[in-house]
Amino acid sequence: MAKVLVINQGLFQELVNFQEVMETVEAAFTQFAQSRSVVFPSVRERIEEHNGIYSIKSSYLIEEGAIGLKTGGFWNDNWKKGKTNHQSIMLLLSPETGEPICLLDANSLTAIRTAAAGAVAAKYLALPESRTVSLIGAGIQARAQLEGLLHLFPLEKVTVYSRTQASAARLVEEIRQKGLQVEQAETPREAVDSADIVVTTTPVFSPVIKTSWLQKGAHLNAMGSDTSGKREVELDRLPDKIVCDLWEQASHLGELQGQLSRDSLFAEIGQITGKELPGRQTPSEITMFDSTGLAIQDLSVAQFVYRKAKEEQRGIYVDL
């Protein structure tokens, strides 16, 4: 009979801070680029009857001895029921026996590991002195991305655009209460034109912004596209450096699907964090990171939390 440690959302949030997660995700990118971990083929399928997208992502961290999967997805109508659209759980298994060892809430995990990925990409690709950020989308991930960037950059002004004006207005008020200058843009181009960093976090299937709108020296974190057919960005002018988390995934599920060839890609992010290739090299470069979300991000953070919970003797054990 397996004993499974259950870590709920509240405990997960108590056990991590953003700096730890960012360091963990950056190390995971590097390890993957150096073939020290394995990402298994992902499942990403629409559930038409319930207006949802179902996903399974799994991986294996060789050195850490961790194996596991995250399952769940995005249910578009959940907000009507007072629930978040993103829903997921994480399961860790023993790599020696295959027995389940830990079950974690993965809603908070997904939000913070995605924000960490965006922060890591911006750390290497954005101007270090970036002062202005544009958020395209006004949901949970937009908030998480902003919090991540605030850890790294001396941000002074935030511009928010969302097709749902009420959502944008709520986010604008939240940001204003943080003491930052903030405004709500009427159009996506207005939001993008003068931003040092642009972050897209929408679930759309047709482009909201164009790369030709980016100013010299700007960096774009494209975080929303993670399903075949999704697209937030029209690549009408190729950035100087295009980086993704994993080409095989980004070219089928991310912004890069159908828009460019492998030869147009500068690097996968682990090649940059591992110092194999450079990040930003000049102040005028326009850079882009296409994030589809890798299972190693989820697993590395989940393994970190699992070990911390055991060390602190927290969580609840359940016999299966």
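Reader: Does Glu-285 count as buried or exposed?
Author: This is a predicted model, in which local features need pLDDT of at least 70 and side-chain atom pairs count only at pLDDT 80 or more, whereas totals for chains, interfaces and linings use all residues. Residues are numbered from 1 along each chain as its sequence is written, and side-chain values use heavy atoms, with hydrogens and water left out. Relative accessible area is judged with a 1.4 Å probe and protein chains only, under 20% being buried, over 50% exposed, and anything in between partly exposed. Glu-285 has a relative accessible area of 9%, so this residue counts as buried.

Reader: With which residue does Glu-285 form a salt bridge?
Author: A salt bridge is a side-chain nitrogen of Lys or Arg within 4 Å of a carboxyl oxygen of Asp or Glu, and for Glu-285 the closest N and O atoms of such a pair are 2.3 Å apart. Glu-285 lies in the loop between helix H8 (269-273) and strand E17 (287-290), while its partner is in strand E15 (residues 241-244), so the pair ties together parts 44 residues apart in sequence.

Reader: Which helix holds Glu-174, the salt-bridge partner of Arg-143?
Author: The two side chains meet at 2.8 Å, N to O, and both are partly exposed, Arg-143 at 25% relative accessibility and Glu-174 at 36%. The pair links parts of the chain 31 residues apart, with Arg-143 in helix H4 (residues 140-150) and Glu-174 in helix H5 (residues 165-176).

Reader: What relative accessible area does Leu-294 have?
Author: Leu-294 lies in the loop between E17 and helix H9 (295-311). Taking contact as heavy atoms within 4.5 Å, and leaving out residues up to four places away in sequence, Leu-294 touches Phe-29, Phe-32, Arg-113, Asp-245, Leu-246 and Gln-249. Leu-294 is buried, and its relative accessible area is 0%.

Reader: Which residues are in contact with Val-120, its neighbours within four places in sequence set aside?
Author: Val-120 lies in helix H3 and counts as buried, at 0% relative accessibility. Its contacts beyond those neighbours are Met-22, Glu-26, Phe-29 and Thr-273.

Reader: What is the phi of Lys-275?
Author: Lys-275 lies in the loop between H8 and E17 and is exposed, with a relative accessible area of 62%. Ser-35, in the loop between H2 and strand E2 (37-39), has a positive phi of about 60° although it is not a glycine, and it is exposed at 58%. Lys-275 is not a glycine either, yet its phi is positive, at about 70°.

Reader: What radius of gyration does the protein chain have?
Author: The radius is taken over C-alpha atoms, and the globule rule is 2.2 Å times the number of residues to the power 0.38. For 320 residues, a compact globule would have a value near 20 Å, which agrees with that of the protein chain. The C-alpha atoms fill a box of roughly 60 × 45 × 40 Å along the principal axes, and the radius of gyration of the chain is 19 Å.

Key
Helices (H or I, at least four residues) and strands (E, at least two) are DSSP runs, numbered from the N terminus.
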